Amino acid sequence: MLKGIGASQGYGIGKAVLIKDINIDYSKVKYTDAQTEKNRLQNAVDCFIDETKELCESLKKSAGDKEAEILEGHIMMLNDPFMMSQMQDNIDGGFIAEKAVDTVCNMFIDMFSSVDDELTNQRASDVRDIKESLLKILLGIETVDISKVPSGSVLIAKDFTPSMTSQINRENVSAIITEVGGVTSHSAILARAMGIPAVLSVLDATKKITEGEEIVADGFTGKVFINPSAQELEKYREKQGEYLKQKDSLKSYIGKETVTADGVKKAVYANIGRPEDVQNVLQNSGEGIGLFRTEFLFMDRNAEPTEEEQFEAYSTVARVMDGHEVIIRTLDIGGDKEIPYLKIEKEENPFLGHRAIRYCLDNPELFKKQIRAILRAAVYGYIKVMLPLITCLEEVYAAKAIIKECEMELAESGTEYKSVPIGVMIETPSAVLISDLLAQEVEFFSIGTNDLTGYTMAVDRGNSKVSKLYDAMQPSVLRAIEMTIKNAKKAGIQVGMCGEAAADSRLIPKLIEWGLDEFSVTPSSILQTRKAICEYKA
């Protein structure tokens, strides 16, 4: 039995089909002249865009419009003048087209990989996909046609890029297994959208599994069984049938109020990173936006977004949510996030460094642009503003002073705006310990369990040697959560949770018992979370 991460729920049973990596070697390609290399690059880009558009149409049919946006994002990235100009500059410097693609894509991969956020890390995977596709086109390498695998196939690969996943015929694929990736990787997102069980981060899966072997993949526990016994096979076939019945029953929770069996009203919100994500929230009848990660508006570009661009993004989400809460987190960026145009200095320990609210308070003009955009957008819906990585009262005082200053500037200029409730993310042990004091200064809390768990347990979740300690069910983390909720309740302010733990069925009963008001989860987890809450009875 092998073990990985259950990234798309369900039970996959079938025969192993190995998708092997192709060796991409351009060491024998010779430089001709700059214009010829630029022409080769442009032809490869044109070909990539045409092929990706075809894949998008295919993905819309198999997974939906929302999921096809992942591939459309690849086209947008490649159309970025900054990315293309960097490649052309490298060619002018004597690089062949292949090396120019490799060098520039690697720069973006390093930038996105350095961020302590799984969704941002996924951008690195997107750029790897673009790089690999362009290099294959430039070198004339044929790719495996995944769409033609036989029925009952369990696909095994080092990784499934979005372009590979988009070719999957879900009628023929029982499960996918990879050696890398996590629950927010695009291979996981697409697998969930297509209803295909997935187990990711299975060490050496392509070496330990042989073509044609019988496989059972458990998308819940992350277990992978090779050539299971007749008893194991029968057990998992029964589990598979039961799961499909339960999955169908979740549809009854669309549009249903989130109320416990005792009649206590709760709310299930969603976490989003871009305005277009809101459609997925509505499809799953999310009751609000508990976390709008604004840093995505600042990425994939060579200059910071203007106040108008930010206003458009925030007001769009506010309008679509039609009066339901939209909690916008101010820019959570800093020393670990290499956005070239912000010229952020590298730090020895970026996770304890100049990031999030610390960076914003030291860059007031950038911060004020965002605050003004939020205040203006609030006219079009119910917006709240949330401050990340708060560790002391002085940070709250300083941020509130800047927000007040922005209100005065808008009033003086005659610009329409609306004051917004101010809240803080509780994601450091420091914030937990002074949560009683913070509750006197703000109107709501949102517990960010991802960082809170890491900081409380002193664990780098990306370090496999200690990642087993990264668990919100650790007693120290549970005590931190309980203390925060109880201090919020005592002060009479709303308290929500926007970390992965908000959808954890092990933790949901405790969160209800302690008095958590709002559970903010990924859009795909809304119905399951609502079901768990509605079934709870003290």
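Author: In strand β4, Ser153, Leu155 and Ala157 point one way, while Val154 and Ile156 point the other way, and all of them are buried. In a regular strand the side chains alternate between the two faces of the sheet. The model under discussion is a predicted one. Strand β4 covers residues 153-157, and because 5 of its 5 residues are buried, the strand is largely enclosed by the rest of the structure.

The partners of the strand come next. Strand β3, made of residues 11-19, pairs with β4 in the parallel sense over 5 bridges. Within that pairing, Val154 of β4 stands opposite Ala16. Strand β5, residues 173-178, also runs parallel to β4, and 5 bridges join the two. Here Leu155 has Ile176 of β5 as its bridge partner.

Strand β11, residues 325-329, pairs with β12 in the parallel sense over 5 bridges, and Ile327 stands opposite Lys384 of β12. Strand β13, residues 422-426, runs parallel to β12 and is joined to it by 3 bridges. In that pairing Val385 stands opposite Ile422 of β13.

Charged side chains supply a further set of contacts. The count of salt bridges comes to 31. One of them joins Arg40 and Glu98, whose closest N and O atoms are 2.5 Å apart. This pair links distant parts of the chain, since Arg40 belongs to helix α1 and Glu98 to helix α4 (residues 97-113), 58 residues apart.

Another salt bridge brings together the side chains of Arg530 and Glu287, at 3.2 Å from N to O. Arg530 lies in helix α20 (residues 526-534) and Glu287 in the loop between α10 (278-283) and β10 (289-293), so the pair ties together parts that are 243 residues apart in sequence. Both Arg530 and Glu287 are buried.

The salt bridge between Asp204 and Lys207 has its closest N and O atoms 3.7 Å apart. Asp204 counts as partly exposed, at 29% relative accessibility, and Lys207 counts as exposed, at 67%.

A network of salt bridges links Glu307, Glu308, Lys368, Arg372, Arg376, Glu405 and Glu409.

Finally, there is a group of like charges on the surface. Asp46, Asp50, Glu51 and Glu54 gather there in a patch of negative charge. Asp46 lies in helix α1, which runs over residues 34-62. Its relative accessible area is 35%, so Asp46 is partly exposed. Helix α1 therefore holds Asp46, a member of the negative patch, and also Arg40, which is linked to Glu98 in helix α4.

Terms used: Residues are numbered from 1 along each chain as its sequence is written. This is a predicted model: local features need pLDDT of at least 70, side-chain atom pairs count only at pLDDT 80 or more; totals for chains, interfaces and linings use all residues. Side-chain values use heavy atoms; hydrogens and water are left out. Buried means under 20% relative accessible area, exposed over 50%, partly exposed in between (1.4 Å probe, protein chains only). Helices (H or I, at least four residues) and strands (E, at least two) are DSSP runs, numbered from the N terminus. Two strands pair if DSSP finds at least two bridges between them. Patches are made of residues with over 30% relative accessible area and no salt bridge: like charges are joined within 9 Å, nonpolar side chains (Val, Leu, Ile, Met, Phe, Trp, Tyr) within 5 Å. Accessible areas come from the Shrake-Rupley method with a 1.4 Å probe; for residues, only the protein chains shown count as cover. A salt bridge is a side-chain nitrogen of Lys or Arg within 4 Å of a carboxyl oxygen of Asp or Glu. Lys and Arg count as positive and Asp and Glu as negative; His and the chain ends are not counted. The place of a charge is taken as NZ of Lys, CZ of Arg, CG of Asp or CD of Glu.
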